[in-house]
Amino acid sequence: MTHDDVLDHFRETEALLEGHFLLSSGLHSDRYLQCAKVLMHPERAAILCRALADKVIASLGEGAVDVVVAPAMGGVIVGYEMARQLGVPGMFTERVDGKFEFRRGFELKKGARVIMSEDIVTTGKSSRECIEVIQAAGATVVGATCLIDRSNGSADVGVPLFSLMGMDVKTYEADKLPPELAKIPAIKPGSRNLT
């Protein structure tokens, strides 16, 4: 799957947005990829995650993963579909008092080989936090995946990161916005103000 193929899925579902966005990392950006709009179409989720699973298998080998773990909320659908494509169980972590943890009876076996799956990586902070929870449970994180690597390879999540494509999307701290972006009110993706 080429970068253009991946972006076509985002364009065709109106998931590639332009404006002024406040990201979960606290950074600001003039572009946002709303993965939920792509992933609401099961056939697209299957196509994208099949291509991502193929990358994992090509690098790590068939049967190298025992379970997929995703951070809620954005990673849940990708994690589920990655688990389905790899033929392994899938589970997710949730934030409780600001920190990820396993809930709902999810448990990892000691030594389990885990792929951590996200929808998008920008700074890698959520990925690292999720990976810490997996490792604290005694499992081994053999890699991480995301559909889009907004850091274009610069985010370090502590394990190999597999993505369908990298993007060089500029991000800005609140006090360092370019004038044209500062003129536009920031929208928090996922809020009721985002269509």
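This short talk goes through a few strand pairings and aromatic contacts in the structure above.

The model is a predicted one, in which local features need pLDDT of at least 70, side-chain atom pairs count only at pLDDT 80 or more, and totals for chains, interfaces and linings use all residues. Residues are numbered from 1 along each chain as its sequence is written, and side-chain values use heavy atoms, with hydrogens and water left out.

Let me begin with the strands, which are DSSP runs of E of at least two residues, numbered from the N terminus, and which pair if DSSP finds at least two bridges between them. Strand S1 (residues 16-22) pairs with strand S2 (residues 28-33) in the antiparallel sense over 5 bridges, and Leu17 has Tyr32 of S2 as its bridge partner. The two strands form a hairpin with 5 residues between them, and in the turn Gly26 has a positive phi of about 95°. S2 is also joined by 2 bridges to strand S9 (residues 171-172), again antiparallel, with Thr171 of S9 as the bridge partner of Ser29.

Turning to the rings, a search of the whole structure finds 2 aromatic pairs, where ring centres of Phe, Tyr or Trp (its six-membered ring) must lie within 6.5 Å, and planes under 30 degrees apart count as stacked, over 60 as edge-to-face and the rest as tilted. Phe21 and Tyr32 form a tilted pair, 5.7 Å centre to centre with 35° between the planes, and this pair links strand S1 to strand S2, with the residues 11 apart. Phe92 and Phe106 form an edge-to-face pair, at 5.2 Å and 75°.

Technical notes. Helix = DSSP H or I, 4+ residues; strand = E, 2+ residues; numbered from the N terminus.
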